Amino acid sequence: GMPVDEAASHRIRITLTSRNLKSLEKVCTDLILGAKAKELDVVGPVRLPNKNLVITTRKTPCGEGSKTWDKFEMKIHKRVIDLKSPSETVKQITSISIEPGVEVEATIADS
């Protein structure tokens, strides 16, 4: 095969989490464009199942009255992008696409 400079490239897993789907998709796209611009191998984005946090609370503070329940739902969207890249490059890529409300986490997944 091709000689690979092992010191240079890592398997990097970038995990994006957000409650705002639009921001999440935007960051996703930016990251992938950024990575492709640097000619990195990109796998993803992989959509992970949404986490739904449902909090159910009684509307009435006391036990009396009608039994009304309030539901609060919080959808957490998650994407995973895997790339092969030197960690320096990843820092550059992940620093461009910052949107409020999106958490970007990069982990080095060298096996």
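Trainee: Is S1 mostly covered or mostly open, and how many of its residues are buried?
Mentor: This is a predicted model, where local features need pLDDT of at least 70, side-chain atom pairs count only at pLDDT 80 or more, and totals for chains, interfaces and linings use all residues. Residues are numbered from 1 along each chain as its sequence is written, and side-chain values use heavy atoms, with hydrogens and water left out. Buried means under 20% relative accessible area, exposed over 50%, and partly exposed in between, with a 1.4 Å probe and protein chains only. By that rule S1 is mostly covered, its buried residues numbering 7 of 9.

Trainee: Which strand pairs with S1, and in what sense?
Mentor: Strands here are DSSP runs of E with at least two residues, helices are runs of H or I with at least four, and both are numbered from the N terminus. Two strands pair if DSSP finds at least two bridges between them. S1 has 7 bridges to its partner, in the antiparallel sense, and that partner is S4.

Trainee: Which residue of S4 does isoleucine 14 stand opposite?
Mentor: S4 covers residues 102–108. The residue there that faces isoleucine 14 is alanine 106.

Trainee: What does alanine 106 touch beyond its sequence neighbours?
Mentor: Contact means heavy atoms within 4.5 Å. Leave aside the neighbours within four places in sequence, and alanine 106 is in contact with Ile12, Arg13, Ile14 and Val90.

Trainee: Why does alanine 106 count as partly exposed?
Mentor: Remember that S4 is the strand holding alanine 106. The residue gets that label because its relative accessibility is 42%.

Trainee: Which residues touch the most other members of the largest nonpolar core?
Mentor: A nonpolar core is a set of buried Ala, Val, Leu, Ile, Met, Phe, Trp, Tyr and Cys residues joined through side-chain atoms within 4.5 Å. The largest one has 15 residues, and those touching the most other members are Ile14, Leu16, Leu31, Ile81 and Leu83.

Trainee: And which element gives the most to this core?
Mentor: Two or more residues come from each of strand S1 (10–18), helix H1 (21–37), strand S3 (69–85) and helix H2 (87–96). With 6 residues, the top contributor is H1.

Trainee: Which element has the lowest mean pLDDT?
Mentor: pLDDT is the predictor's confidence in each residue, from 0 to 100. The protein chain averages 81, with 80% of the residues scoring at least 70. H1 has the highest mean among the elements, 91, while the lowest, 80, belongs to H2.
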